[in-house]
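Here is a brisk report on selected residues. Please keep the sequence and the 3D view open as you read.

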Amino acid sequence: MRATVMYRAGDVRVENVPDATVVNPTDALVRITRACICGSDLWPYKELEPTDTGRRMGHEAIGVVEAVGADVRKVKKGDFVVMPFAYSDGTCAFCHEGLQTSCVHGGFFGIGGEAGGAQSEAVRVPLADGTLFVLPVREDDALTRSLLTLSDVMGTGHHAAVAAKVGRGKKVAVIGDGAVGLCGVIAAKRLGAEQIIILGRYPDRIALAKAFGATDVVSERGEEAIERVRQLTGGFGVHSVLECVGTHQAMHTAIGIARAGGAVGRVGVPHYEAMPASEPAFYRNITVSGGPAPVRAYIEELLPDVLEGSIEPGRVLDRTVGLDGVPDGYRAMNDREAIKVMIKLRA
């Protein structure tokens, strides 16, 4: 089968690799119909050290179950499924608490571990009963783009909002105008935020953020951004900050714009060793929470809104490529020519 392999920073190839198969009795084999490139995939695209064997890429997908292991009970051949970016057994203490990304038997797709990458024709899904979510629609449903976002970005934006304690009537700021940040705007609006400030500077993304419910735009950075947000919020800052970038500056800004007693939900993979501005956060009683989103726990809550069309997170997928177009998809996202690239493998 064909799959995406990254060999070093900037070196992405689509190659023939051994076919994915059912290995363990709890596995499922999923034929991928749609996958996508994640903003987090751009970190290795910029930084990955050279490797002879390469790294299989991709962790977001929807597809059709082709085969299941002997112990799989909840998923069957022919099911149309969402594959969350982490696999989980659904039975451990953390899964029962809705924290599948900490499953004691789980792991992540596309980072060189037990599971392969989803930017491929097929993928072996470990712990299929706990991982896969069977969709109540057909494979060619018109909602495919939005359904695909439930594998990661919509659930991750929602997780940021939950961690930041977004609620009705609150003032919210979203740091980052990438796909996760834009889905964070959707989540904040859905949870009843009164004011939603998007911190970003790309016109196409800002336009989409406004369509999703952003009320204000801050294009400044650093101290100027902090001052501007405070001006927009009566000098106090916001109740909730969704930090969707992961850089030192983004977290410093998040602490700076949160009001006393506020909360920061961080879902950008942190690229810093120590959390910036921890002392101001302490003295202003700011809660900092978040991490890898347990998107499997959120699908059931978010799916009805997707099916009804009351939220349209699939709009963040603004470019479509076939598998051969994946290398250029990485380039386009890295060069900010695309917000998020969808990979279409079958009609």
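## A nonpolar surface patch

Phe94, Leu99 and Val104 make a nonpolar surface patch of about 240 Å². Patch members have over 30% relative accessible area and no salt bridge; nonpolar side chains (Val, Leu, Ile, Met, Phe, Trp, Tyr) are joined within 5 Å. Areas come from the Shrake-Rupley method with a 1.4 Å probe, and for residues only the protein chains shown count as cover.

Phe94 lies in helix α2, residues 93-96. Helices (H or I, at least four residues) and strands (E, at least two) are DSSP runs, numbered from the N terminus. Phe94 counts as partly exposed because its relative accessibility is 33%. The classes are buried (under 20% relative accessible area), exposed (over 50%) and partly exposed (in between), with a 1.4 Å probe and protein chains only.

## Basis of the model

This is a predicted model: local features need pLDDT of at least 70, side-chain atom pairs count only at pLDDT 80 or more, and totals for chains, interfaces and linings use all residues. Residues are numbered from 1 along each chain as its sequence is written, and side-chain values use heavy atoms, leaving out hydrogens and water.

## Arg296: buried, no salt bridge

Arg296 sits in helix α11, residues 295-308. Arg296 is buried but has no salt bridge. A salt bridge needs a side-chain nitrogen of Lys or Arg within 4 Å of a carboxyl oxygen of Asp or Glu. The nearest side chain of opposite charge is Glu300, 6.0 Å away. For charge, Lys and Arg count as positive and Asp and Glu as negative; His and the chain ends are not counted.

What does the side chain of Arg296 reach at 3.0 Å? The backbone oxygen of Thr131. The side chain also reaches the backbone oxygen of Leu132, at 3.3 Å. Beyond four places in sequence, Arg296 is in contact (heavy atoms within 4.5 Å) with residues including Pro84, Gln100 and Asp129.

## Arg31: a buried strand residue

Arg31 is found in strand β3, residues 28-36. Arg31 counts as buried because its relative accessibility is 19%. Not counting residues up to four places away in sequence, Arg31 touches Gly63, Val64, Glu66, Glu121, Ala122, Glu139 and Arg346.

Arg31 and Gly329 are 298 residues apart in sequence. Their C-alpha atoms are 21 Å apart in space.

## Positive phi in two loops

Leu127 is not a glycine, yet has a positive phi of about 50°. Leu127 is in the loop between β9 (122-125) and α3 (128-131). Leu127 counts as buried, at 19% relative accessibility.

Ala277 also has a positive phi, near 60°. Ala277 is placed in the loop between β15 (258-266) and α10 (278-283).

Technical notes
A polar contact is a pair of N or O atoms within 3.5 Å; within protein, one must be able to donate a hydrogen and the other to accept it, and residues adjacent in sequence count only if both atoms are side-chain atoms. Patches are made of residues with over 30% relative accessible area and no salt bridge: like charges are joined within 9 Å, nonpolar side chains (Val, Leu, Ile, Met, Phe, Trp, Tyr) within 5 Å.
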